[in-house]
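Please find below some notes on the model you sent. They are set out as numbered points.

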Amino acid sequence: MFTNTSGFYRITTVLGLFFCTLLLIYCSSPDKKETTAQQEGVEKAKKDTPELADAMGQLQYYTHKYTLAVDAQNHELATFYFHEVRAAADGIKKNIPGYEGYDIARFMKLFLDPTIEPVETALANKNWEEVRAKTIEMVNSCNSCHNATSHGFVKVTPGFDNNPYNQDFSAPK
Ligand code: HEC
């Protein structure tokens, strides 16, 4: 059939390429769909779910550093961290106003906001007893909101004397 070997190789190469292309098209198209669906899922998850948890994590982080500074009666440091607590809370209201059908901004205003100013006033007066009492009220409001938004299993505590950080919170002598 073939007069020389190069003709044979040419036809097998062409046929081979043809089948390879078919195979590629067949295999890659459903895969592609799956990958984009996966990517969309990941992006959606990035956009929706972790953001509020991340922001809440920040809120918890600064709240705890604040309570450790309160425990050490380090006024400058406590004031600094409480400012961060407030900024984190304001950031949530502004940037994540809604989540899983909950009006987060409204819930934040309802639960957390009324507890912020009493802490600030007590802190400004360096009334440490009052600061602790008002801080406990604030942390209770965090948990009240968790209950109201089906996250009652996230129970935060003041953590006054529970230092997990590689940081010395003591007031300068
Ligand atoms: C709007 C009401 C609301 C208020 C007020 C609120 N939270 Fe949350 N918090 C949530 C919701 C809703 C979630 C779950 C977020 C999610 O599922 O992504 C959450 C999750 C968390 C988490 C879990 C995320 C993590 O990093 O472990 C922590 C911790 C947390 N909140 C701490 C706090 C602290 C501390 C305060 C108060 C200073 C507070 N929250 C106030 C609604 C609230």
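**Notes on the model**

1. Helix 2 gives the lining of the largest pocket its largest share, 9 residues. Helix 2, helix 4 (104-124) and helix 5 each contribute at least two residues to that lining. The structure is a predicted model, and the points below should be read with that in mind.

2. The largest pocket holds about 630 Å³ of space. Its lining is made up of 29 residues, and those nearest the centre of the pocket are Met56, Gly57, His146, Val154 and Val156. By class, the lining has 18 nonpolar residues, 11 polar ones and no charged ones.

3. Two of the residues nearest the pocket centre, Met56 and His146, are also the protein donors of the iron atom of the ligand. The donor atoms are SD of Met56 and NE2 of His146, at 2.0 to 2.3 Å from the iron atom. Methionine 56 belongs to helix 2 (residues 49-71) and histidine 146 to helix 5 (residues 128-148), so the pair ties together parts of the chain that are 90 residues apart in sequence.

4. What is the geometry of the site of the iron atom of the ligand? The site is octahedral, with 6 donor atoms and angles of 86 to 179° among them. For reference, the ideal angles for six octahedral donors are 90 or 180 degrees.

5. Methionine 56, at 24%, is partly exposed. These areas are computed on protein chains only.

6. The protein chain contains 5 helices and 2 strands, and along the sequence they follow the pattern α-α-α-β-β-α-α. Of the 173 residues in the protein chain, 29% are buried. Among contacts in the protein chain with a separation of 6 or more, 68% are between residues 24 or more positions apart.

7. The segment after helix 5 holds asparagine 162, and helix 2 holds histidine 64. The two residues are 98 residues apart in sequence, yet their C-alpha atoms are 8.8 Å apart. Apart from neighbours within four places in sequence, asparagine 162 is in contact with His64 and Leu68. Histidine 64 is buried at 14% relative accessibility, whereas asparagine 162 is partly exposed at 49%.

8. Aspartate 161 is also placed in the segment after helix 5. With residues up to four places away in sequence left out, aspartate 161 touches Leu68 and Asp71. From aspartate 161 to valine 70 the C-alpha distance is 9.4 Å, across 91 residues of sequence. Aspartate 161 counts as exposed, with 67% relative accessibility.

9. Valine 131 sits in helix 5. Its relative accessible area is 0%, and valine 131 is buried. Which residues does valine 131 touch, not counting residues up to four places away in sequence? They are Tyr66, Val70, Ala122 and Leu123. Valine 131 and proline 118 are 13 residues apart in sequence, with 8.2 Å between their C-alpha atoms.

10. Two backbone angles deserve a look. Most residues other than glycine have a negative phi. Glutamate 100 has a positive phi, near 50°, and lies in the loop between strand 1 (98-99) and strand 2 (102-103). Glutamate 100 is exposed, with a relative accessible area of 53%.

11. The other angle is at serine 150, where phi is positive and near 60°. Serine 150 is in the segment after helix 5 and is partly exposed, at 46% relative accessibility.

Terms used: Residues numbered from 1 in each chain as written. Predicted model: local features only at pLDDT ≥ 70, side-chain atom pairs only at ≥ 80, totals over all residues. Heavy atoms only, no water. Donors = N, O, S within 2.8 Å, 3.2 Å for Na, K, Ca; no water. Tetrahedral: all angles 85-135°; square planar, octahedral: opposite > 155°, others 65-115°. Helix = DSSP H or I, 4+ residues; strand = E, 2+ residues; numbered from the N terminus. Buried < 20%, exposed > 50% of the residue type's maximum accessible area, 1.4 Å probe, protein only. 1 Å grid on protein atoms, 1.4 Å probe; cavity = no way out; pocket = protein on both sides within 12 Å on 5 of 7 lines; lining within 4 Å. Points joined across faces, edges and corners; volume = space filled by probe spheres on them. Nonpolar A, V, L, I, M, F, W, Y, C, P; charged D, E, K, R; others polar. Contact = heavy atoms within 4.5 Å.
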